[in-house]
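I opened a new notebook page for this chain. My plan was to look things up one at a time and write down what I found.

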Amino acid sequence: MTEMRTLKVALLGCGNVGAQVARILIEDADALAARTGARLELSGIAVRNVNSKRDVELPQELFTTDAETLVKDADLVIELMGGIEPARTLILSALTNGACVVTGNKALLAQDGPTLYEAADKAGVQLSFEAAVAGAIPILRPIRDSLSGDRITRVLGIVNGTTNFILDQMDSTGAQFADALAEAQRLGYAEADPTADVEGHDAAAKAAILATLSFHTRFALDNVHCEGITSVTAADIAAAKDAGFVIKLLAIAEKLADAEGNDGVSVRVHPTLLPREHPLAAVRGAFNAVFIEAENAGELMFYGQGAGGTPTASAVLGDLVSAARRLVLGGPQRTETTTGHVPALPIDASVTSYYIGLDVADQPGVLARIAQLFAGNGVSIETMRQTIHRDAESNVESAELRIVTHRASEAALAATVEAVKGLDVINSVTSVLRVEGV
Ligand code: NAP
């Protein structure tokens with residue numbers, strides 16, 4: 001029997017995810033070798049402090065602070081340090097040296113993905129990053145491989161567990177945002193500084209990656225319109241619930257035609273109303289899910305744990321085995337294809353349905369005036385519901401209007417809302433939220 005080849009694996013980072021990757025590489029070495037056709041030898045682990053206590057007991061001699069030297073000698077490099085530098089320099093150095101790279105670093109990919117993709121293509125090696133989007137959920141490989149014979153038209157993703165937990169908490173308990181965030185922090189679902197999650201930055205990085213693979217065009221973070229969930233109120237959630245919707249923070253990438261009828265891709269992250277019967281509405285707590293619409297496959301949904309050391313390590317190991325198999329078998333390695341050439345559309349050109357809450361004077365003819373104003377701005381109304389309130393002190397009646405529109409452009413909606421504000425019968429515009437799945 002011929003001796004099995006050994007591939008050297010350098011691990012950069014041994015935190016939540018890295019420690020679990022190291023554990024699996026050591027514990028499951030025989031099974032991984034059988035699946036790969038080569039032994040995957042963990043040649044070293046680069047960290048900042050070699051003496052830090054780790055979640056997993058690992059041989060001390062594997063640890064080093066000299067990441068540069070470790071990378072030079074590796075066939076496969078796993079980057080799980082996070083951040084932009086030194087991760088970027090180390091990944092570029094690994095790719096240039098001919099090593100395949102596996103990373104979970106969505107922040108780096110969203111900021112400078114094109115540089116990394118080009119370096120991988122130039123060196124003819126594989127750069128894989130399944131763990132960068134939706135943790136354990138196999139989503140990038142299905143988009144890249146399984147759906148490569150189809151045309152994806154739209155991707156809707158719940159790709160940030162922290163914000164999904166907070167919104168779910170607000171929906172199920174009626175809590176305000178600040179209280180739901182405090183609960184998420186208490187349970188370890190949100191960090192002490194939750195900015196990257198609640199402002200939508202983490203989801204935006206993942207939206208850029210999903211759009212890049214789905215539409216065969218390189219999109220970066222500045223192509224993504226991003227709104228977080230900090231301004232979502234308990235009243236918004238209650239009104240949405242009352243109207244049969246749930247509010248989710250969605251990462252959306254969809255093919256649309258621009259004003260001249262040319263194809264473009266709208267990539268955006270914002271709080272979104274979904275009908276409660278939509279499959280994504282059932283995604284509770286800190287779970288993630290990605291819903292894909294493709295021309296031939298129709299609708300698909302991928303669901304699972306979007307974070308956590310062990311679930312994310314599963315995605316990293318999947319990429320590692322796949323890259324190692326290709327090293328064993330030979331043949332060209334491709335990160336992604338860039339044959340799409342579809343431009344990113346500005347947010348004004350995005351097209352969706354809207355939910356608008358209005359506090360209006362309870363007078364005859366108000367509904368007709370509002371409907372006329374919407375029609376005059378090219379926005380057609382799908383449903384309009386009215387609830388009457390009487391102020392206990394003044395005894396004055398006002399009406400709350402909840403309007404759901406048909407699909408309209410962001411620009412047309414913005415013009416409509418501005419015009420509505422100018423009507424003398426409008427007390428206030430209480431909410432304007434985008435709606436998907438109707
Ligand atoms: P983490 O717990 O903060 O661990 C980071 C590790 O990298 C630590 O071991 C740290 O060393 C090491 N490190 C950081 N800067 C370094 C430097 N300059 N030189 C050498 N080593 C350095 O991070 P994590 O949660 O495992 O996340 C790792 C990556 O996976 C990130 O890109 C993250 O976005 C991504 N990811 C994480 C999850 C998740 O659930 N955690 C899910 C999906 C993707 P010390 O231990 O010595 O400080």
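The entries below follow the order in which I looked things up.

**Entry 1: the model.** I noted at the start that this is a predicted model.

**Entry 2: domains.** I looked up how the chain is divided. The domain assignment gives domain 1 as 5–136 + 310–329, domain 2 as 140–306 and domain 3 as 350–435.

**Entry 3: domain 2 against domain 3.** I took the centres over C-alpha atoms and found 26 Å between those of domain 2 and domain 3. I then looked up the contacts, where 17 residues of domain 2 meet 13 residues of domain 3. The size of an interface is often given as the accessible area lost when the parts come together. For domain 2 and domain 3 I wrote down about 1200 Å² buried between them, with 56% of it on carbon and sulfur atoms.

**Entry 4: the largest pocket.** Rolling a probe the size of a water molecule over the atoms shows where empty space is left. The largest pocket holds about 1400 Å³ of space. I listed 46 lining residues for the largest pocket, and those nearest its centre are Lys106, Glu191, Asp202, Ala307 and Gly308. By class, the lining of the largest pocket has 17 nonpolar, 21 polar and 8 charged residues.

Why does the largest pocket lie between domain 1 and domain 2? I found that both domain 1 and domain 2 give residues to its lining, so the largest pocket lies between them.

I also asked which element gives the most to the lining of the largest pocket. My note says α10, with 4 residues. Elements that each supply at least two residues of this lining include α1 (16–27), α5 (106–123), α10 (201–214) and β11 (287–294).

**Entry 5: the second largest pocket.** I recorded a volume of about 370 Å³ for the second largest pocket. It is lined by 18 residues, and Gly13, Ala46, Val47, Arg48 and Met81 are the closest to its centre. I sorted the lining of the second largest pocket into 8 nonpolar, 6 polar and 4 charged residues.

**Entry 6: α5 on α10.** Two packed helices are described by the angle between their axes and the distance between the axes. For α5 and α10 I have an angle of about 30° and axes 7 Å apart. On the α5 side the contact is made by Lys106, Leu109, Ala110 and Tyr117, and on the α10 side by Asp202, Ala205, Lys206, Ala208, Ile209 and Thr212. I counted this contact by class as 6 nonpolar, 1 polar and 3 charged residues.

**Entry 7: backbone notes.** I found a cis peptide bond between Glu85 and Pro86, with omega about 5°. Pro86 sits in the loop between β4 (76–79) and α4 (87–96). I also noted His341, a residue other than glycine with a positive phi, near 50°. I placed His341 in the loop between α12 and β13 (351–361).

Definitions and conventions: Residues numbered from 1 in each chain as written. Predicted model: local features only at pLDDT ≥ 70, side-chain atom pairs only at ≥ 80, totals over all residues. Heavy atoms only, no water. 1 Å grid on protein atoms, 1.4 Å probe; cavity = no way out; pocket = protein on both sides within 12 Å on 5 of 7 lines; lining within 4 Å. Points joined across faces, edges and corners; volume = space filled by probe spheres on them. Nonpolar A, V, L, I, M, F, W, Y, C, P; charged D, E, K, R; others polar. Domains from an automatic or database assignment. Axes fitted to C-alpha atoms, helices over the stretch in contact; angles between N-to-C directions. Contact = heavy atoms within 4.5 Å. Buried area = accessible area lost by both parts, 1.4 Å probe.
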